[in-house]
Amino acid sequence: MAKAQARRTVVFGMLGTVLDQGQGPRRWEKWRPTVALCQQEDLLVNRLELLYPPSARVLAATVTEDIRQVSPETEVRGAVVDIQNPWDLEQVYGALLDYARSYPFQPEQEDYLVHITTGTHIAQICMFLLVESRHFPGRLVQTSPPAARDKGLGGVGAHTLIDLDLSKYDKLAARFEQEQREALSFLKAGIDTRNAAFNRLIERIEQVAIQSRAPLLMTGPTGAGKSQLARRIYTLKKARRQVSGPFVDLNCATLRGDAAMSALFGHVKGAFTGAVNDRLGLLRQANGGVLFLDEIGELGADEQAMLLRALEDKRFLPVGSDKEVESDFQLIAGTNRDLQVEVERGRFREDLLARINLWTFRLPALRERPEDIPPNLLYELDQASQELGLRVTMNKEAQEHFLRFATSPEARWSGNFRDLNAAVLRMATLASGGRITREDVDEELTRLRAQWTKGPALAATASSVDLVAEVLGAELAAELDRFDRVQLADAIAVCRQSRSLSEAGRVLFAQSRARKQSTNDADRLKKYLTRFGLDWDDVSGRAAEADSRLQRQKLTS
């Protein structure tokens, strides 16, 4: 029976043009990593693939001959790699990648090691990456010089094998996982959220925030937590030393007229009446850090054009100046509007949207995350305790009573977390001895019901023209009586706050349904909408194309 052939050990290594140097007899007194690797007592190198640049042929020949003397069983193969600048990452990686791709690996018969002690730091990094990506199907080997007492005596030092399979490094893998868990928990303010879609969203935001400096666009209704999340993203990036500058935030809805350009881009002294001093502007204040522009859809056309230039070129002109200034910041933008619809209406620049739309994350409304209301209630109780300077608790009966209401279709949470925060703070402030009871909860629920009953009616009256015109188109909306227009606007507003046709129907027909023996709220609402040529997708904001609304057939009476 034939004896199985022993596996051969093959080492790939860059020639160390500094560490492997040496001429004359005294070179044997110096520790040379490539030569020493082939002298290790417990590592037999059957073949050494010695990589070197064209300029190092003479040194490569010397090292090859010395290895043949100290390790006759080692076959040395020299290979010239086309590296002109050993500190050029792209050039070094490209040359080594080309070499690895063309090499005839035989992993069934040979074991491969990649020596990362020699070469420039750039070469060592490239070798590491190519082993990690399995372009070199092996392990890393690192050599170290002899102890100080053996220096000058030709000591061979030691070597260490490194396997990049992290499954063999349980503690290291656990550290990575723990760090990621801590980052995700921080972005969620330590709240143990249970909504699977929201948790996946936060995971993706954490990944992008750490890996990218491109603009982030966060959409979602007012009060969904965009501002708080933006600040936590900044804090996380600063902890990872990815930004060094400050966090600068601005609600663009507060900008009006000429002051908007000055606030954002600064001005020079004398630029306009009242400009008695230079002003940096928020973009320059954010240099090296993060600029958060909430409600970016409120910016005027001129400000949008200037912001686009600042994002693309990192340069812009302050008001009244003929000299450009620079600022390198990461932009996080927030909006509760559909910016694509705003583009179609001519209110937002398409090129600016394309620039900030690389990473877009929609934060869901509180009503879309009912399973997250209980942990957020506990969080808000802690926040109220800190604000009031006393420990606030909620007995079990009160907590269950509040949560039944909070997770029901009746609870609109139109202000999202702002409503929840205000409700808890009111209950905590009025609670005797800091303990919220069933009676405290009942008082707050009465207040919330009244608030949410008035809200849609007032909003419908104030914005019925815009809301109905948005859905039907201006021409068809103009044909409606005022009575029908206000009523339809209220129905649309409720649909946009609801997760389904059935839920919207339960809210709209909450009183009359109690007097009916059998109810089908979804069908009632569907028939009502059909009177205007509408369906659920139209009024819930899920229609694919806003322009298609302008093409509807005439209303039926």
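Is C252 buried or exposed? In this predicted model, C252 is buried, with a relative accessible area of 0%. Another cysteine, C38, also counts as buried, at 6% relative accessibility. As for cysteine pairing, the structure holds 0 disulfides.

**The sheet**

Let's move on to the strands. An open sheet is built from 6 strands, in the order β3-β2-β1-β4-β5-β6, and the pairing is mixed. At its edges stand β3 (75–80) and β6 (158–162); each has a single partner strand, so one side of each is left without a neighbour in the sheet. On average, neighbouring strands here are turned by 25° against each other, direction ignored.

Zooming in on one pair, β2 (residues 47–52) and β3 run parallel and are joined by 6 bridges. Within that pairing, L50 has G78 in β3 as its bridge partner. Helix α2 (residues 57–70) packs on the sheet, where it touches β2 and β3, and its direction makes about 165° with that of β2.

**A buried threonine**

Next up is T118, which sits in the loop between β4 (110–115) and α4 (121–132). T118 is buried, with a relative accessible area of 2%. A polar atom of its side chain lies 2.5 Å from the backbone oxygen of M14. Leaving out residues up to four places away in sequence, T118 touches M14, L15, G16, D20, P33, T34 and Q124.

**Salt bridges**

Side chains of opposite charge can pair when their charged atoms come close. The structure holds 30 salt bridges, and here are a few of them:

| Pair | Closest N and O atoms |
|---|---|
| D313 and R309 | 2.5 Å |
| R438 and E397 | 3.5 Å |
| E444 and R447 | 2.4 Å |

R438 is partly exposed at 26% relative accessibility, and E397 is partly exposed with a relative accessible area of 46%.

E444 and R447 both lie in helix α16, 3 residues apart, about one turn of the helix. Here E444 is buried, with a relative accessible area of 1%, whereas R447 is partly exposed at 30%. Elsewhere, salt bridges that share partners link R47, E49, E75, R77 and E110 into one network.

Key:
Residues numbered from 1 in each chain as written. Predicted model: local features only at pLDDT ≥ 70, side-chain atom pairs only at ≥ 80, totals over all residues. Heavy atoms only, no water. Helix = DSSP H or I, 4+ residues; strand = E, 2+ residues; numbered from the N terminus. Buried < 20%, exposed > 50% of the residue type's maximum accessible area, 1.4 Å probe, protein only. Polar contact = N/O pair within 3.5 Å; in protein donor to acceptor, adjacent residues only side chain to side chain. Contact = heavy atoms within 4.5 Å. Pairing = 2+ DSSP bridges. Axes fitted to C-alpha atoms, helices over the stretch in contact; angles between N-to-C directions. Disulfide = S-S within 2.5 Å. Salt bridge = Lys/Arg side-chain N within 4 Å of Asp/Glu carboxyl O.
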